[in-house]
Amino acid sequence: MRPLLCFLGLAAFLGPCLACPSACSCSTKKNGRLLAECAYKDLQEVPKGLSSNVTILTLSANRIGWLGKGSFSEVPEVQSLWLGYNQIGVVEQGAFISLVHLKNLDLSHNKIADFPWQDLQNLSGLQILKMNNNRLAGLPRDAFHSLKELRSLWLNDNELTTLAEGTFDNLPSLSQLQIFNNPFNCTCKVFWLKKWTENTSVSITKGGSTLCVAPGRLKGRAVMDIPDQHCVAPSVQLTYLSNLDNSVVQDGLTLTLHCSVAGSPPPEIRWKIQTPGRRV
């Protein structure tokens with residue numbers, strides 16, 4: 001009777017640890033971490049029935065098209081989540097909010113255009129983030145500001161035309177960055193990126209080319225080679241010459257000034273007018 005009780009007790013102890021959907025294979029690694037391997041299974045959604053103490057979840061190369069708010073509620077202990085090579089086009093806000101132990105997140109080779117960046121605020125331990133080969137056209141300036149442990153960031157092969165100044169600030173652990181193969185519009189709004197790359201210790205992987213596609217005069221030129229003078233504001237002095245001899249301009253007279261400028265983005269013009277009496 002005692003051996004049977006022991007067996008039942010052991011089964012009760014191990015049962016939850018080894019719970020595994022039929023489409024997956026689950027095993028315990030040598031380091032004690034529980035792996036759920038669900039890649040190449042033609043899955044259209046995150047499978048149900050995963051053990052709550054899964055720490056490595058592989059869902060790569062399936063046909064998953066969306067991630068809902070509760071997609072990972074069963075696996076709050078996950079540290080590595082691999083979702084590359086799916087068809088993910090929709091990621092709902094809150095999809096990753098419960099994964100506070102996450103260290104590695106791979107969303108590469110999907111169709112993501114919009115992403116709930118606020119979800120990253122809870123992933124303060126994230127070390128590797130792969131979002132390459134998606135359809136991202138823009139990033140908020142503070143998208144990564146809470147990721148103090150982030151070491152590797154992959155953003156290459158997206159549709160980024162610009163990056164807000166300061167996008168990579170407050171990332172003290174960042175050591176590798178991939179941003180090549182994006183259609184950058186090399187206006188003065190991305191000039192900061194050139195200066196940042198010249199002074200940072202971050203390794204910017206050159207697996208492809210970080211080239212300008214616009215404006216026309218810089219097309220095909222590397223973002224890192226934008227001429228310094230390209231973004232220096234001109235200093236112009238205008239002198240007003242009256243076409244009337246001995247004319248006197250009285251106070252209250254309306255003076256209209258015209259200035260034609262061109263640039264990308266369109267420049268802002270500020271007038272500073274100083275009178276003979278040194279008034280501005």
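Trainee: Which residue forms a salt bridge with Glu268?

Mentor: This is a predicted model, and we can start with its charged side chains. Side chains of opposite charge can pair when their charged atoms come close. For Glu268, the closest N and O atoms of the pair are 3.3 Å apart, and the partner is Arg270.

Trainee: Is Arg270 buried or exposed?

Mentor: A residue counts as exposed when its relative accessible area is over 50%. Glu268 has 64% and is exposed. Arg270 has a relative accessible area of 71%, so Arg270 is exposed.

Trainee: How many salt bridges does the structure hold?

Mentor: The pair of Glu268 and Arg270 is a salt bridge. Glu198 also forms one with Lys195, and so does Asp228 with Lys195. In total, the structure holds five.

Trainee: Why are Glu198 and Lys195 separated by about one helical turn?

Mentor: Their salt bridge has its closest N and O atoms 3.9 Å apart. Both residues sit in helix H2, which covers residues 191–199. They are separated by about one helical turn because, along that helix, they are three residues apart.

Trainee: How many residues apart are Asp228 and Lys195?

Mentor: In this salt bridge, the closest N and O atoms are 3.6 Å apart. The pair links distant parts of the chain, with Lys195 in helix H2 and Asp228 in the segment after E13; their separation is 33 residues.
Asp228 is partly exposed, at 37% relative accessible area.

Trainee: Where is Ile269 found?

Mentor: Ile269 belongs to a nonpolar patch on the surface, together with Leu255, Leu257, Val261, Trp271 and Ile273. The patch has about 540 Å² of accessible area. Ile269 counts as partly exposed because its relative accessibility is 42%. Its place in the chain is the segment after strand E13 (212–214).

Trainee: How much space lies in the second largest pocket?

Mentor: Rolling a probe the size of a water molecule over the atoms shows where empty space is left. For the second largest pocket, that space is about 160 Å³.

Trainee: Which residues lining the second largest pocket are closest to its centre?

Mentor: The lining has 11 residues. They divide into four nonpolar, five polar and two charged. The closest to the centre are Ile204, Lys206, Thr210, Ala222 and Met224.

Notes. Residues are numbered from 1 along each chain as its sequence is written. This is a predicted model: local features need pLDDT of at least 70, side-chain atom pairs count only at pLDDT 80 or more; totals for chains, interfaces and linings use all residues. Side-chain values use heavy atoms; hydrogens and water are left out. On a 1 Å grid over the protein atoms alone, a cavity is a set of points where a 1.4 Å probe fits but cannot get out, and a pocket is an open set with protein on both sides within 12 Å along at least five of seven lines; lining residues have an atom within 4 Å of a point. Grid points are joined across faces, edges and corners, and a volume is the space filled by probe spheres set on the points. Ala, Val, Leu, Ile, Met, Phe, Trp, Tyr, Cys and Pro count as nonpolar, Asp, Glu, Lys and Arg as charged, and the others, Gly among them, as polar. Patches are made of residues with over 30% relative accessible area and no salt bridge: like charges are joined within 9 Å, nonpolar side chains (Val, Leu, Ile, Met, Phe, Trp, Tyr) within 5 Å. Accessible areas come from the Shrake-Rupley method with a 1.4 Å probe; for residues, only the protein chains shown count as cover. A salt bridge is a side-chain nitrogen of Lys or Arg within 4 Å of a carboxyl oxygen of Asp or Glu. Helices (H or I, at least four residues) and strands (E, at least two) are DSSP runs, numbered from the N terminus. Buried means under 20% relative accessible area, exposed over 50%, partly exposed in between (1.4 Å probe, protein chains only).
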